[in-house]
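Biologist: Please take a close look at one part of this model, the place where the two chains meet. What holds there, and what lies beside it?

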Amino acid sequence: MGSSSALRELQRELETKTNDHSKIQKDISKNHQVRKKYTIQLGENELVLKELDLLSDDANVFKLIGPVLVKQDLAEARANVRKRIEYITAELKRLDATLQDMEEKQNSKKEAIFKIQQRIQSLQAGKAKA
Amino acid sequence: MKGKGTVTPLSSFFSVEDTQKAAKRVQDTIAEKDLELEHLQGFVADNRDLINLVGRLPEHLHHDVMVPFGKAAFFSGRLVHTNEFTVLLGEGYYAERTSKQTVDILNRRGKALESQVDSLKAMVQDLKAEASFFNATASEAAEGLVEIMEDYEEESSSERECPLEQDSSNSSGSVITKHADEDEEFARMMARMDELEKEECEAESHMAQSDEDEQVEHDLHQFSDQKSLHRNLKFSEQSQSRKPPEQTKGETASNEENFTDKPSCSGPESISEDKVSHGNVLASDVKSVAEKDLVSPVVENVQTVPLSRSQVPLQSSNPKFDREKAFTGSIVEHTHNLQTKPREQTVATTQSSASQVSKPVSRFKMQRK
């Protein structure tokens, strides 16, 4: 009877672990999506910066804020875009770090799940013999 | 008998369903990428059209257009200021540009799009290769292909010659190759024997027509020479049959050396000491020859010419002759030998021996006169 209760406990443990694992996986996929978005934004910003750099100083530059175009200083616009690029790259780095962290967690969870499965199997085999 | 290899059906590694699933997934990604590619190519086409339009607009001062108003309504309008554009750069930034500048911007944008299209195409190609691999694996697994694995065993160079797919076990394979090895060795041995025999014949014929000078002493020593020659041959034969080829060669060489050394040191008795090591013999040789400085170069020369058998008995006879009569005889014969059989000698040794011998020859001739 002791073995069966142990088995039940192990199964419960396995369940929680798999839940954690799937949660981490979900997080990772979310992270991937966010990352994708940021990379696209980074590419767009780089394009904008390139164009702004190519503009002559007397060109009129506007920013769309809500429904209206607001005239902006060219230098200011360039500074803004640069800052944005910096921010995005920093964000991408952070996302990379978290992604690595999550992957490590996922692997450890995977191992734990595997171990529990093995234990359950051995318990079941012992039971079958007995 | 199963042999040392293992045979496993491919379908046990990759189940048919799994491979098919994998293939399907890759196909899905390919379809996704293809869609993306289509999208991008749509952008490229739009961009091209826009460039054309922007380039054409300033050709007139104004254009009559239908202006969209809301979702479904249009009303007629007129496009003025045809050389002024407000270009969306991205991220909510707009810039006022002329038609030409706008075309430049659009061209740059087109280039970026092209590079994206190229990278996407490369990706799709990779995925297609992957998909074809998965499909091939799936079909192979479905057909019941088997994987044959065999441990690679470190084998000796001789055994490597035997083909791996040999059905028989490892040990029998090695036996076979050993036989082959022995055959090869035997063939080599026979070749060596032939060579030696030929040299012997040559030596004999050479003896027959040798100089008048040595005729007398040749008669005297022919018997012992031949005997010693035979003995030497026999010994080399034994050693050959016992040892692998390279070792045999070395041994016969040392054998010859022994043989040639011996007569110079102790005459006929030396034959009984055939197996004395070369070093000892040489030492004794040097000792015995010490009084006659002129003989020692001859011995050295002989050592440099180990292969020519005909020289051996002739030279061996000479020291004996030296002992009994005068030392000079040997030197003459040596030069003679060198002339008749230069084949085995390097140029350097020939020269050195010639230079070494030249003096004695003249002395001999002087003495003879």
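Modeller: A term comes first. A salt bridge here is a side-chain nitrogen of Lys or Arg within 4 Å of a carboxyl oxygen of Asp or Glu. Bear in mind that this is a predicted model.

By that rule, Glu51(A) and Arg108(B) form a salt bridge through their side chains, at 2.8 Å from N to O. Glu51(A) sits in helix H1 (residues 2-54) of chain A and Arg108(B) in helix H3 of chain B, so this pair joins two chains. Arg84(A) and Glu91(B) also pair by their side chains, at 2.7 Å from N to O. The count between chain B and chain A is two salt bridges. Over all chains, the whole structure has nine.

Now the interface as a whole. Chain B and chain A bury about 1,600 Å² between them. Carbon and sulfur atoms account for 57% of that area. On the chain B side, Glu91(B), Tyr93(B) and Tyr94(B) lose the most area to chain A. Together they make up 45% of what that side buries. Glu91(B) is also the salt-bridge partner of Arg84(A). The contact draws on twelve residues from chain B and 21 residues from chain A.

Back to helix H3 of chain B, which carries Arg108(B). Within chain B, the axes of H2 (residues 16-56) and H3 (residues 99-143) come within 8 Å and cross at roughly 165 degrees. Angles over 145 degrees count as roughly antiparallel, so H2(B) is roughly antiparallel to H3(B). The crossing of H2(B) past H3(B) is left-handed. Their contact has 25 nonpolar, 14 polar and eight charged residues.

Definitions and conventions. Residues are numbered from 1 along each chain as its sequence is written. Chains are lettered from A and ligands numbered from 1 in the order in which they are written. This is a predicted model: local features need pLDDT of at least 70, side-chain atom pairs count only at pLDDT 80 or more; totals for chains, interfaces and linings use all residues. Side-chain values use heavy atoms; hydrogens and water are left out. Axes are lines fitted to C-alpha atoms, for helices over the stretch in contact, and angles run from 0 to 180 degrees between N-to-C directions. Helices (H or I, at least four residues) and strands (E, at least two) are DSSP runs, numbered from the N terminus. Angles under 35 degrees count as roughly parallel, over 145 as roughly antiparallel, 65 to 115 as roughly perpendicular and the rest as oblique. A crossing is left-handed if the near helix is turned anticlockwise from the far one by less than a right angle, and right-handed if clockwise. Ala, Val, Leu, Ile, Met, Phe, Trp, Tyr, Cys and Pro count as nonpolar, Asp, Glu, Lys and Arg as charged, and the others, Gly among them, as polar. Contact means heavy atoms within 4.5 Å. Buried area is the accessible area (1.4 Å probe) that two parts lose on being put together, summed over both.
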